[in-house]
Amino acid sequence: MGKTVDDCAALFSVIQGKDEKDGTSMVYPKFDFDKAVKGDIGGKKIGIPEDYLGEGISPDVKDSVLAAADIFRANGASVETFKMPIVKYAIPAYYIIACAEACSNLSRYDGIKYGYSSSNADTLMETYVKTRSEGFGMEVKRRIMLGNFVLSSGYYDAYYNKALKAKKLIQNAFYDAFKKYDMLLGPVAPTTALKIGESLSDPLKMYLGDIYTVMINIAGMPSMSVPCGFDKDNMPIGMQIIGKPFEEAEIMSAAKGFPNVTDFHNKLPDLG
Amino acid sequence: MEWEIVMGLEVHTELATKTKIFCGCSTEFGGEPNTHVCEICSGMPGTLPLLNKRVVEFAVRTGIATNCTITQNNKFDRKNYFYPICRKRIRYRNFICLSAATVL
């Protein structure tokens, strides 16, 4: 949303709150801009899910996040690790739910009213089939097919309903964690950015790259990504600060407190 | 052999609301073409439905009149199918009233 916490806070203060045309938006106490830009780390209780630093994470990313934890400690926060084993269900649950939603939401792209429409179709069914076959890319088609599969009769309970139950357990795990901590800290992605085109042929590997961010989407928690260092190839590393629902100001304040004492956000990767 | 006839009725009702169920467009008949339509009821990308409060009130009233149990926690289900009259290729379904039992 922005290059600095102040910019994010400024934009967020405009877009937050109830939108009369959006039934999913909520009435909630106004976002506290002054608190968000205060840059306050001292006295905060921060938890790091151990499972965010487990299998598949690159050593550089792990070291950077742990170094960030030390910086938080040095500035008056308490940081400790805790177990959140439900993390391993995040990717399967998320991709089942996301694909189910995608196949339903994308069904309106049928070539009739807007968007791409196949020019070599003569019947209604041909218009549907050719428009969608020609218009969607591989990854979109893959997700539509997965979505239809997990929603199909006979598999609905085994996949979609089960994923919704896993979602609830993931939410509960966050609520439990927030009984002990003001906010959570972890990496944004298990590795630094891939080179253009790299790994695109391996969708499962690409999906696993989302492991730490799909958790918050499933649970509905606010999270902020903050630069926290560079790997051995000089590629930037991000950490995320996850907060309780509607406590955006709290995580922004911590996120701002961190760059106040580091300069990662002013550095650029060497693109060679 | 004795047979007992058991029948279920599917009853559709047009509610006397001033606006449509998921947007603020008028339900009045006789308007100029394309004047009672908006980005929501035409299913434009990026739009979301917003439930008409009166519809829920009417549904609850109907439910009480037909001895239904009124659901306290309520959710929408989607029914997906490709059919021309169904603009978004999705229909929404919501069970507000359960177990109607009316003696005819």
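A:Asp110 is placed in the loop of chain A between helix H4 (90-105) and helix H5 (124-135); helices (H or I, at least four residues) and strands (E, at least two) are DSSP runs, numbered from the N terminus. The model is predicted, so local features need pLDDT of at least 70 and side-chain atom pairs count only at pLDDT 80 or more, while totals for chains, interfaces and linings use all residues. Residues are numbered from 1 along each chain as its sequence is written, chains are lettered from A in the order in which they are written, and side-chain values use heavy atoms, with hydrogens and water left out.

A:Asp110 has a relative accessible area of 0% and is therefore buried (under 20% relative accessible area, with exposed over 50% and partly exposed in between; 1.4 Å probe, protein chains only). A polar atom of the A:Asp110 side chain lies 3.1 Å from the backbone nitrogen of A:Ile112. Leaving aside residues up to four places away in sequence, A:Asp110 touches A:Thr127, A:Tyr128 and A:Thr131, as well as B:Phe82, B:Arg87 and B:Arg89 (contact: heavy atoms within 4.5 Å). With B:Arg89, the side chain of A:Asp110 forms a salt bridge at 2.1 Å, N to O (a side-chain nitrogen of Lys or Arg within 4 Å of a carboxyl oxygen of Asp or Glu).

Between chain B and chain A there are 2 salt bridges. The side of chain B that touches chain A consists of 8 nonpolar, 5 polar and 5 charged residues (Ala, Val, Leu, Ile, Met, Phe, Trp, Tyr, Cys and Pro count as nonpolar, Asp, Glu, Lys and Arg as charged, and the others, Gly among them, as polar). The contact involves 18 residues from chain B and 18 residues from chain A. The two chains bury about 1,500 Å² between them, 51% of it on carbon and sulfur atoms (accessible area, 1.4 Å probe, that two parts lose on being put together, summed over both). On the chain B side, B:Leu50, B:Phe82 and B:Arg87 lose the most area to chain A, together 33% of what that side buries.

Elsewhere in chain A, strand S5 (residues 236-242) is largely enclosed by the rest of the structure, because 5 of its 7 residues are buried. Strand S3 (residues 183-187) runs antiparallel to S5(A), joined by 4 bridges (strands pair if DSSP finds at least two bridges between them), and A:Gly186 has A:Gln240 as its bridge partner in S5(A). Strand S4 (residues 223-230) also pairs with S5(A) in the antiparallel sense, over 7 bridges; here A:Pro227 is partnered by A:Gly238. The hairpin of S4(A) and S5(A) has 5 residues between the strands, and A:Asn234 takes a positive phi near 65°.

Key. Polar contact = N/O pair within 3.5 Å; in protein donor to acceptor, adjacent residues only side chain to side chain.
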